[in-house]
Amino acid sequence: MSAFLLILTIVLLVIVVLQISKAAELARVLKGDSDYEESNGNLALITTVVGFVILVASLWSIFTYKDRFLPVPASEQGVWIQSMINWTMFFTCAVYIITQILLFWFVYKYKFSSKRRAFWYPDNGALELAWTVVPAIVLTVLVILGIQKWFKVFSETPTDAIVVDVTAQQFKWTLRYPGNDNVLGARDFSLTNSNNELGVNWNDKNSHDDFFADDMVIPVNTPVLVKISALDVLHNVNLVHFRVKMDAVPGIPTKMWFRPTITTDSMRLILNNPEFEYELNCSELCGSGHYNMRKVIKVVSLDEYKKWARTQSLENAFYTKNVQPELAASTAQTDTTSSSKEAAITTATN
Amino acid sequence: MAEVISKEHLAHDVHHAPHEEHHHVETFINKYIFTTDHKMIARQFLFTGIFWAIIGGLFSVLFRVQLGWPDATFPVLEKLFGNWFNDGKLDPNAYYMLVTMHGTIMVFFVLTAGLSGTFANFLIPLQIGARDMASGFINMLSYWFFFLSSLVMFASLFVPTGAASGGWTIYPPLSALPQATPGSGTGMTLWLISMALFIGSTLMGGLNYITTVLNLRTRGMDLFKMPLTVWALFFTAIIGLLSFPVLLSGAVLLIFDRSLGTSFFLSDIYIGGKALGYSGGSPILFQHLFWFLGHPEVYIVILPAMGMVSEILATHSRKPIFGYKAMIFSILGITILGFIVWAHHMFMSGLNPFAGSVFTLFTLLIAVPSAVKVFNWLTTLWRGNIHLNSASLFAIGFVSVFISGGVTGIWLGNATIDIQLHDTYFVVAHFHIVMGIAAFFGMFAGVYHWFPKMFGRFMNETMGYIHFFVTFLGSYVIFWPMHYLGMSGVPRRYYSFKEFAAFSQYDDLNKVISAAAIVVFITQLVFVANFIYSIYKGRKMTSDNLNPWNSNTLEWTTPVEPGHGNWPGALPTVYRWPYDYSKNTTGPDFTPQTVPLTEQEIKELESHA
């Protein structure tokens, strides 16, 4: 019933508009051309007013909503991107304002008049050259600035970078840290199974002090290298407050690095919001749970980070805590051959 | 130069002149269904396009309901749409299906087939003075391939696992693995079949448009005497012909991956607790193949609109289009550059940073020919004598939204800024304004302007004004705030923002956007009502007023409802370009293309040479 009513309302609404318009059209035809110039003028006035209302509202609303925009960039990379945005904002706003004003001003100023004839003006080489060259120069500036900053963002990772291995799958993130040796254990897709989804090679000694973390803890003012991979479909590691992101592609590892500049605590003070957390989200459609892939990022001082990482690596290393005990258990039960031992390693619970 | 009459043209005319005499028997089937008349095929494209636009628009309303009122339930929608709305709330899988189908339908079925299919068919022969397309039969096939493709896509909506839901870009592995999302089952298979048929349709159409423009121009119609609509449609056809086959190759390889177990796009996949055997493929390869069409596709969508807007602005402001040749070369520039910018959609895919810099350069370069076009349109209006009606209002609206959406292209085309804004609502705002709204405005302008030629009647102007002003304002209300969402980092393709503190601050704006979307959608129904009503009851175009807009182009020299063959007698001869508006200081303020040059004009031409 309600569905029927909804459709009926819409249909009736359209019919009402149709009927009114029929009457208006009839009136127009009856009046003939006598007041064409006047009604055309009114239409020009309305169009221009609407055009200027849109122009003013579109600009004014920027100031209304700008407090909700992303806060100050929380990384060095973000600062470069922000400066690029500022330059582009300046030029594009200027073009937007000037052209919209001209457009709607012309519509009113040059509305139809029976006393006048349009100006025959098919061409002007100099003028056209000018508005080819001037945009070309402005764009050259933007391209040069943009490419410079782009190469800065994607420059070689500094050697003192700490490493986080981020693996995406439907619909969660797995964060793996390299532990005290600062080297991640090798991964091999052929070792992947439900007990070892990342396919970590536990025979690689580098993996023995690696640990998994719930939150992404990273140090401030230190380069952070994020190694990215995906298990099933495309995902995208988006660190929105740091203004960086990178796709996670099954079969093709990707990476990005950035240097966080504001700790979580400082950002809480800046925003005057004690609950604030940096968030990691997925920015590439990955299925029905795409909108739910959240991780918290904690930016702490380098000392805090080192302390945390050392403790985690000693107390929470996945190999020593989970893989090794299981190996020991299976060794104790039977006199294992080396091959079944390897099988046990690879199937160690994740 | 205008007096030169090529022998081919003469022969062509002689061959066709007796056309009227050997009239073939017209039955309902060969007149309205399996017709080879380009005008009827144009109408078929238009009707099918309008049907799809209603579906595509309705889908956007449905998912905007979810985004605007995420906590409310709508039992009424469950009654209407069944299990898409379980318990009156949109299901996440259905949400992604609606988003995917909205994109697919709007980009391909409405703005490619409905816009360029309609007007290329209708205007090319009429404006260059041809009896019909080069091959009426292939032209007919082009429509029927599109029809079949439409049937398959429509059928996919009723598949139990749902239609395709991996986004209109159907990136694998999501689109390749039925385990990844239910829509990647039968729904995706049908999507791929439908697109293969659609590409066939586009290629047949495009070949015809190109051949017709190059070979069937009437006596005197040099390339540089063609209206800008024809130029735009000509380049559109070339773009389609060169880029759609690449999408077909991507689609075929994806079909292989899905059904034959090949690994073109898949590698090292672990899903649903199982490691799959695919090895060595690259999901990025698919993105290259997709965007090699996908980016030129936006020009396929916007160029016909630009062409029509140029024509309509000149006609209704009673002024020659400013910088005719610059307009043609800017279309050419956009066409060429459009082919070498595709990877700007892939800046964040792990692309080599060097490639990112090259694609930034070419992408921003496109702003130059686009700026030239905008300035030329503005100068066309300057000191004009502007008649405002539904057609010219939509053309003016086009220029406004093209600027608004175009300037943000300079943001997103810059790889550095794209790092922050990639896949946010800023992108949604940008492409909807510049290629969605703008292309629709061009299409509306075209429909209002050429309706009398299509159906022999006028559309209702009052409804046209309502349609224009609500749509114009409403489009800005819908899409402008999306820039702000994007600047706040809100990602696109999110079913709900609740999980993230950073994204959940826009409940208020999302409601406004959704409400505006509903109003604008209903206003489009007013347009459809006006369209259908006017076909039967609109004010008639009479044979003493064959040229209602006082236009210079050839289509207005045909009878009220031209038969198959367009001109009852000989084809018209063209002597001048189509933009001699207000050239005379006395008499009518237009000089049709069929009016011979005056002695003074010939002298002027000679002195220039």
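This is a predicted model: local features need pLDDT of at least 70, side-chain atom pairs count only at pLDDT 80 or more; totals for chains, interfaces and linings use all residues.
User: What share of the contacts in chain A joins residues at least 24 apart?

Analyst: Take the contacts between residues at least 6 apart in sequence: 72% of them join residues at least 24 apart.

User: Now the two chains together. How many residues of chain B are in contact with chain A?

Analyst: An interface can be described by counting residues on each side. Here 111 residues of chain B are in contact with 101 residues of chain A. On the chain B side, helix α16 (residues 461-487) gives the most, with eleven residues. That side divides into 67 nonpolar, 32 polar and twelve charged residues.

User: Which residues have the most contacts inside the largest nonpolar core?

Analyst: They are Phe398(B), Ala438(B) and Ala445(B), in a core of 277 residues. Helix α5 (residues 92-128) of chain B supplies the largest share, 23 residues. Chain A takes part too: the core draws at least three residues from each of its domain 1 (22-113) and domain 2 (162-315).

User: How far does helix α4 of chain A reach?

Analyst: A helix can be checked against the span expected at 1.5 Å a residue. Helix α4 (residues 125-153) of chain A has 29 residues and reaches 42 Å from its first C-alpha to its last, close to the 42 Å expected. Its buried residues include Leu139(A), Gly146(A) and Trp150(A). The buried residues of α4(A) pack against α3 (76-109) of chain A and against helices of chain B, among them α10 (324-338) and α13 (390-412).

User: Where are the cis peptide bonds?

Analyst: Look at omega for each bond. One cis bond joins Gln170(A) and Phe171(A), with omega about -10 degrees. Phe171(A) lies in the loop between β1 (162-169) and β2 (172-177) of chain A. Another joins Pro172(B) and Pro173(B), where omega is about 5 degrees. Pro173(B) sits in the loop between α6 (136-156) and α7 of chain B.

User: What is phi of Ile170(B), and is this residue buried or exposed?

Analyst: Phi of Ile170(B) is near 35 degrees, a positive value in a residue other than glycine. Ile170(B) is found in the loop between α6 and α7 of chain B. To judge burial, count C-beta neighbours: a residue with 20 or more within 10 Å is buried. Ile170(B) has 25, so it is buried. Asp423(B) also has a positive phi, near 60 degrees. Asp423(B) is in the loop between α14 and α15 (425-455) of chain B, and counts as buried with 21 C-beta neighbours inside 10 Å.

Methods
Residues are numbered from 1 along each chain as its sequence is written. Chains are lettered from A and ligands numbered from 1 in the order in which they are written. Two residues are in contact if their C-beta atoms, placed from the backbone, lie within 7 Å. Helices (H or I, at least four residues) and strands (E, at least two) are DSSP runs, numbered from the N terminus. Ala, Val, Leu, Ile, Met, Phe, Trp, Tyr, Cys and Pro count as nonpolar, Asp, Glu, Lys and Arg as charged, and the others, Gly among them, as polar. A nonpolar core is a set of buried Ala, Val, Leu, Ile, Met, Phe, Trp, Tyr and Cys residues joined through C-beta atoms within 7 Å. A residue is buried if 20 or more other C-beta atoms lie within 10 Å of its own, exposed if 12 or fewer, and partly exposed in between; C-beta atoms are placed from the backbone. Domain bounds come from an automatic or database domain assignment. The expected span of a helix is 1.5 Å times one less than its number of residues.
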